[in-house]
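This report describes one protein chain, from its overall form down to single residues. The sequence and the structure come first.

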Amino acid sequence: MASSIRVLAGQTALQQIQQHGLKQQLFDTMIGASGGPKWFVLFGLDQFLLTEFFKDRAAPIHLLGSSAGAWRFGCYAQQDGAAALQRFCEAYRSLDYPRTSSRREVTEISAQVLNAIFPTPEHAKQCLEHPFFRLNFIVARGKGLLNSDKQARVLGGLTAAAAANLLNRRHLGRFVERVLCHHPTEPFPLLPADLPTRHLALDADNIQPALFASGSIPLVLDPVAQIPGAEPGYYVDGGLTDYHFSWPLHSDKLVLYPHFSSKVSPGWFDKSLSRSPTAEDFRQVVMLVPSDDWVQSLPGGKIPDRKDFTKLAPSERLARWKTVTERSFELADDLNHGRYEVEPLPFS
């Protein structure tokens, strides 16, 4: 039977894996992309990484996520990350929005997912004190028209930002700035200089509103109007600036990147464009992605996405999402038992 998982490695990573095998000691960085319900195909893999792959870890490892990736890593960094991920999965896959819901109602319903991740203040505090996971994630702060909670202004700002980004990604900085919400003592060290960037040290007061902001999709959810310790403004989905983290990821060791696809898009507005990292950018990266055949075997022959909310009846969507999260453990099983081949990354 064909493997459910592909292991894709940059040139440096490929050489190290061929020499040492796929060992957790090779990594000092881990990436979690935006993508909403696409994360469901990685749920079982996340559980395996937490409970088996990293179980004897001692050295620090930097986590960097945006949107759903940020929420995943907010689970990783808790004392019992596997239990937190289970709460996240169950709350997220059971989401149901009445079709007549207002943006405010969608926001309030979505907040219940974050409440499941952090059922008590102690769970949030644990993210700042984990013995080796160093939590970092991206939030976007609006500028100009995007520094607003008014639908018409935000729509206009998004349209202008998309047009500017089409000309050159650096022009996106006129409309939004990247905010690195970082571990209080060890901030993520690999930030690029492509966009204006602010830094916010995480603490017990700001971690939850900052995480919620990282997943606040413009026009779908309310922006977060204020994050304690951050500059005044409106904060939204970190995927606007960093959808899949298409950066030069050059760390001291290797970078582990569980992803739902081999496609890597820099920002939210690049999803339909051909922009991708170069082979040099990702020479130290190892991507863990579901195989095409495995994806085709899923309900509907596809990975879940946000369009399922409008294209599928609630009962069918919930059933499909449950099936996908249950089958996601097949990736973990194939990885655990060595049923994969290490392939070069598909970037030129």
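A residue is called buried under 20% relative accessible area, exposed over 50%, and partly exposed in between, with a 1.4 Å probe and protein chains only. By that scale Leu219 is partly exposed, with a relative accessible area of 30%.

## Basis of the values

The model is predicted: local features need pLDDT of at least 70, side-chain atom pairs count only at pLDDT 80 or more, and totals for chains, interfaces and linings use all residues. Residues are numbered from 1 along each chain as its sequence is written, and side-chain values use heavy atoms, with hydrogens and water left out.

## Overall form

The protein chain has twelve helices and ten strands; helices (H or I, at least four residues) and strands (E, at least two) are DSSP runs, numbered from the N terminus. Its radius of gyration is 19 Å, close to the 20 Å given by the globule rule for 348 residues, so the chain is as compact as a globular protein of that length. The radius is taken over C-alpha atoms, and the rule is 2.2 Å times the number of residues to the power 0.38. Along the principal axes, the C-alpha atoms fill a box of roughly 55 × 45 × 45 Å.

Of the 348 residues, 57% count as buried. Among contacts with a separation of 6 or more, 77% are between residues 24 or more positions apart, where contact means heavy atoms within 4.5 Å.

## Surface and charge

The accessible surface of the protein chain is about 14,300 Å², and carbon and sulfur atoms hold 52% of that area. Accessible areas come from the Shrake-Rupley method with a 1.4 Å probe; for residues, only the protein chains shown count as cover.

The chain carries 36 positive and 36 negative charges, whose mean positions lie 5 Å apart. Lys and Arg count as positive and Asp and Glu as negative, while His and the chain ends are not counted. Each charge is placed at NZ of Lys, CZ of Arg, CG of Asp or CD of Glu.

Strand 8 spans residues 254–258, and five of its five residues are buried. In a regular strand the side chains alternate between the two faces of the sheet. Leu254, Leu256 and Pro258 point one way from strand 8, Val255 and Tyr257 point the other way, and all are buried.

Strands are said to pair if DSSP finds at least two bridges between them. Strand 8 runs parallel to strand 2 (residues 27–32), with three bridges joining them, and Leu256 stands opposite Met30. Strand 8 also runs parallel to strand 9 (residues 285–290), here with four bridges; in strand 9, Val286 is the bridge partner of Leu256.

## Strand 1 and its partners

Strand 1 covers residues 5–9, of which four of five are buried. Five bridges join strand 1 to strand 9 in the antiparallel sense, with Val7 opposite Leu288. Strand 1 also pairs with strand 10 (residues 342–344), in the parallel sense and over three bridges. In strand 10, Val342 stands opposite Val7.

Helix 2 (residues 43–53) is mostly covered, with nine of its eleven residues buried. Among the buried residues are Phe43, Phe48 and Phe53, along with Asp46 and Gln47.

Thr323 lies in helix 11 (residues 314–327) and is partly exposed, with a relative accessible area of 29%. The C-alpha atoms of Thr323 and Arg153 are separated by 39 Å, the two residues being 170 apart along the chain.

## Residues in loops

Ser67 is not a glycine, yet its phi is positive, at about 55°. Ser67 sits in the loop between strand 3 (61–66) and helix 3 (68–76), and is buried at 10% relative accessible area. Leu219, also with a positive phi, near 75°, belongs to the loop between helix 8 (207–214) and strand 7 (235–236).

Leu172 lies in the loop between helix 7 (151–167) and strand 5 (176–182). Its relative accessibility is 1%, and Leu172 therefore counts as buried. Neighbours within four places in sequence aside, Leu172 is in contact with Ala161, Asn165, Leu195, Leu240, Thr241 and Phe269. Leu172 and Ser246 are 74 residues apart in sequence, and 15 Å apart from C-alpha to C-alpha.
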